[in-house]
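Notebook open, viewer running. I want to jot down what I look up as I go, one stop at a time.

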Amino acid sequence: MANFLDRAKEQAQSALNQGKQKVDELQQQRAGNELLKQLGAAYYAERRGSGSAEATQQALSALEAHISAHGDGFLRGT
């Protein structure tokens with residue numbers, strides 16, 4: 001019986017870890033999408049004359065930092 005409980009505990013822990021990993025991936029994807037949206041808004045504002053090149057560069061730098069840390073999977077929807 002103890003062996004069964006140990007295996008059940010291991011499986012539950014594994015499922016919990018997989019769930020946490022998926023949540024982390026989704027949070028990273030959402031953050032990347034938000035940074036991409038901010039870059040687009042900064043670029044649009046710059047082109048319309050109400051934004052600055054500095055704001056666009058800051059948004060680009062933030063996006064590049066996110067990609068360096070977490071990869072660019074959110075750009076492909078994966």
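Predicted model: local features only at pLDDT ≥ 70, side-chain atom pairs only at ≥ 80, totals over all residues.

Is Gly71 buried, partly exposed or exposed? I looked up its relative accessible area and got 27%. Buried would need under 20% and exposed over 50%, so Gly71 counts as partly exposed.

Next I checked where Gly71 sits: in the loop between H2 and H3. The C-alpha atoms of Gly71 and Leu35 are separated by 13 Å, and the two residues are 36 apart along the chain.

Then I stepped back to helix H2 itself. H2 covers residues 53–70, which makes 18 residues. From first C-alpha to last I get 26 Å, close to the 26 Å expected at 1.5 Å a residue.

Which residues of H2 are buried? My list is Thr56, Ala59, Leu63 and His66. They span an arc of only 90 degrees around the axis, which means they lie on the same side of H2. I noted the general rule next to that: an α-helix has 3.6 residues a turn, so residues three or four places apart point the same way. On the other side of H2 I found Glu54, Gln58, Ser68 and Ala69, and these are exposed.

What covers the buried residues of H2? The cover includes helix H1 (2–48) and helix H3 (73–76).

I zoomed in on Thr56, which is in H2. Its relative accessible area is 12%, so I wrote it down as buried. Leaving out residues up to four places away in sequence, Thr56 touches Leu39, Ala42, Tyr43 and Glu46.

Now for the cores. The largest nonpolar core has 6 residues: Leu35, Leu39, Ala42, Ala59, Leu63 and Phe74. H1 and H2 are the elements that give two or more residues to this core, and H1 gives the most, with 3.

Last stop was Phe74, one of the core residues. Again skipping residues up to four places away in sequence, I listed what Phe74 touches: Gln29, Gly32, Asn33, Leu36, Leu63, His66 and Ile67. Two of those names, Leu63 and His66, were already on my list of buried H2 residues.

Definitions and conventions: Residues numbered from 1 in each chain as written. Heavy atoms only, no water. Helix = DSSP H or I, 4+ residues; strand = E, 2+ residues; numbered from the N terminus. Expected span 1.5 Å × (residues − 1). Buried < 20%, exposed > 50% of the residue type's maximum accessible area, 1.4 Å probe, protein only. Arc of directions from axis to C-beta. Contact = heavy atoms within 4.5 Å. Core = buried A, V, L, I, M, F, W, Y, C linked by side-chain atoms within 4.5 Å.
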